[in-house]
Amino acid sequence: MSNRSRWLARAMAVLSVMGMGTAVGSSQDSNLAQTPPMGWNSWNHFGCKVTDADVRGAADAIATNGMKQAGYIYVNVDDCWQGKRDEHGMIQPNEKFPDMKALGDYIHSKGLKFGIYSSPGPETCAKHEGSYGHEEDDARQYAAWGVDYLKYDWCSASRVYKPEEMRAVYRKMAEALHRTGRPMVLSLCQYGLESVWMWGAAIGGNLWRTTEDISDHWDRMSDIGFEQNGLEKYAGPGHWNDPDMLEVGNGHMNHDEYLTHMSLWCLLAAPLLAGNDLSKMTPETLAILTNPEVVAVDQDSRGIQGHRVWEEGPYEIWTKPLADGSTAVGLFNRGEDAEDIKLDFSAVGVPASASVRDLWGQKDLGNFTGSFTAKVPRHGVVLVKVK
Ligand code: GLA
């Protein structure tokens, strides 16, 4: 099969899953994002101050601290790298990013991949030059720089397009990226507008934000994470719901709260884009980001997004079926005091007697009959695998 027919076959497969029949352009032409994308993004920590040196520093850290082995591959520059367009309409970086091709080469030299950011509107959310009217130019420029991932953020597009034009606007960039011949992950960032999960995959998106922005605070993170229930049927290999990037290690949540954040994102099969300063991370933060048994829940090859199976007041149980026939289970305590939470095996469809393994502790807890009960700290989680 030629590349083109392989791409068409895949696009048609996605469409038939979506119950739609007409062919569209798509960046889903090369087995991209078969598991939720993992990497780092500059926004949550560096915001608009991000520099070339910060991005290189993140790549250095990932390549040497165990994150690369854990699966973190994309090194993504968010907003505020853009300068002006040259006389041919080609976007140029600003003075903080002297040479984007060289930055891409540097990231690639570490065995990592390079991500970038733009908006379909005239301006990005931080008022830098967007891609409006220059979609083809930008796709070609990104390909020339060696870009592997584009986050495409609605922002000022709301000034020039109607909501009902959104799909066509995103499809336009998916097609422009496709025409470059360079596989690039396409991340739709429009905060869950227009029920993006219904059409994000069909127009060529590999992931789509389902919410407004996360922040490094328990209330915001937990509201976003726990409200993802119900979207699970829209996620799968190549196309993922994105409840926004990680705040682990940014300093405004405690250890249990960050464990809840990471556990929930993994049960949700969410993209795992670290958002902290990787060059200055504590061993505790690194351990949260790289626990292999927890990351394996996120990266499981079946690609099933977990969902809530039980809740009572501030206590919730979420499950995610895994490829080996076992089930990952999160016992969450959103309350203000530690509490015993009981997992009733019949509620998660496991046999009356099952073995339970603690994933954060990476140790077997033994065989249990009928149920398993654990003391869960305030704002905390017990994450287990039941088999
Ligand atoms: C929006 C996005 C954020 C970030 C900023 C950059 O708010 O949702 O993730 O990209 O724009 O300006």
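What follows is a chat about a few spots in this model, which is a predicted one.

Q: Let's begin with asparagine 241. Where is asparagine 241 placed?
A: Asparagine 241 is in strand 9, which covers residues 240–242.

Q: Is asparagine 241 buried or exposed?
A: Asparagine 241 has a relative accessible area of 2%. The cut-off for buried is under 20%, so asparagine 241 counts as buried.

Q: What does the side chain of asparagine 241 pair up with?
A: There are two contacts to look at here. A polar atom of the asparagine 241 side chain lies 2.9 Å from the backbone oxygen of leucine 231. There's also a polar contact of 2.8 Å between the side chains of asparagine 241 and glutamine 305.

Q: And which residues does asparagine 241 touch, not counting those up to four places away in sequence?
A: Among them are Trp197, Trp208, Tyr234, Pro271 and Gln305.

Q: You mentioned glutamine 305. Where's the place of glutamine 305?
A: Glutamine 305 sits in the loop between helix 12 (292–298) and strand 11 (307–312).

Q: New topic: the ligand. Which residues come nearest to the ligand?
A: There are 13 residues around the ligand, and Asp78, Asp79, Lys151, Asp153 and Asp213 come nearest.

Q: How far is the side chain of aspartate 78 from an oxygen atom of the ligand?
A: An N or O atom in the aspartate 78 side chain is 2.6 Å from an oxygen atom of the ligand. For aspartate 79, a polar side-chain atom lies 2.8 Å from a ligand oxygen. Aspartate 213 has an N or O atom in its side chain that is 2.6 Å from an oxygen atom of the ligand.

Q: Which residues line the largest cavity?
A: The lining is made of Asn41, Asn76, Tyr149, Lys151, Ser187, Arg209, Asp242, Asp244, Met245 and Leu273. By class, that lining has three nonpolar, three polar and four charged residues.

Q: Can we look at glycine 192 and leucine 193 next? Where is glycine 192 found?
A: Glycine 192 is in the loop between strand 7 and strand 8. Leucine 193 also lies in the loop between strand 7 (185–189) and strand 8 (207–209).

Q: Switching to helix 11. Which residues in helix 11 are buried?
A: Helix 11 covers residues 283–290, and Thr285, Ile288, Leu289 and Thr290 are buried there.

Q: What covers the buried residues of helix 11?
A: The cover includes helix 4 (67–70), helix 10 (255–267), strand 10 (272–274) and helix 12.

Q: Last topic: backbone angles. What's phi for lysine 127?
A: Phi of lysine 127 is near 70 degrees, which is a positive value in a residue other than glycine. Most residues other than glycine have a negative phi. Histidine 379 has a positive phi as well, near 60 degrees.

Q: And where are lysine 127 and histidine 379?
A: Lysine 127 is in the loop between strand 5 (113–118) and helix 6 (135–145). Histidine 379 is in the loop between strand 17 (371–376) and strand 18 (381–386).

Q: Are they buried or exposed?
A: Lysine 127 is exposed, with a relative accessible area of 60%, whereas histidine 379 counts as buried at 3% relative accessibility.

Terms used
Residues are numbered from 1 along each chain as its sequence is written. This is a predicted model: local features need pLDDT of at least 70, side-chain atom pairs count only at pLDDT 80 or more; totals for chains, interfaces and linings use all residues. Side-chain values use heavy atoms; hydrogens and water are left out. Helices (H or I, at least four residues) and strands (E, at least two) are DSSP runs, numbered from the N terminus. Buried means under 20% relative accessible area, exposed over 50%, partly exposed in between (1.4 Å probe, protein chains only). A polar contact is a pair of N or O atoms within 3.5 Å; within protein, one must be able to donate a hydrogen and the other to accept it, and residues adjacent in sequence count only if both atoms are side-chain atoms. Contact means heavy atoms within 4.5 Å. On a 1 Å grid over the protein atoms alone, a cavity is a set of points where a 1.4 Å probe fits but cannot get out, and a pocket is an open set with protein on both sides within 12 Å along at least five of seven lines; lining residues have an atom within 4 Å of a point. Ala, Val, Leu, Ile, Met, Phe, Trp, Tyr, Cys and Pro count as nonpolar, Asp, Glu, Lys and Arg as charged, and the others, Gly among them, as polar. A residue is near a molecule or strand if one of its heavy atoms lies within 4 Å of it.
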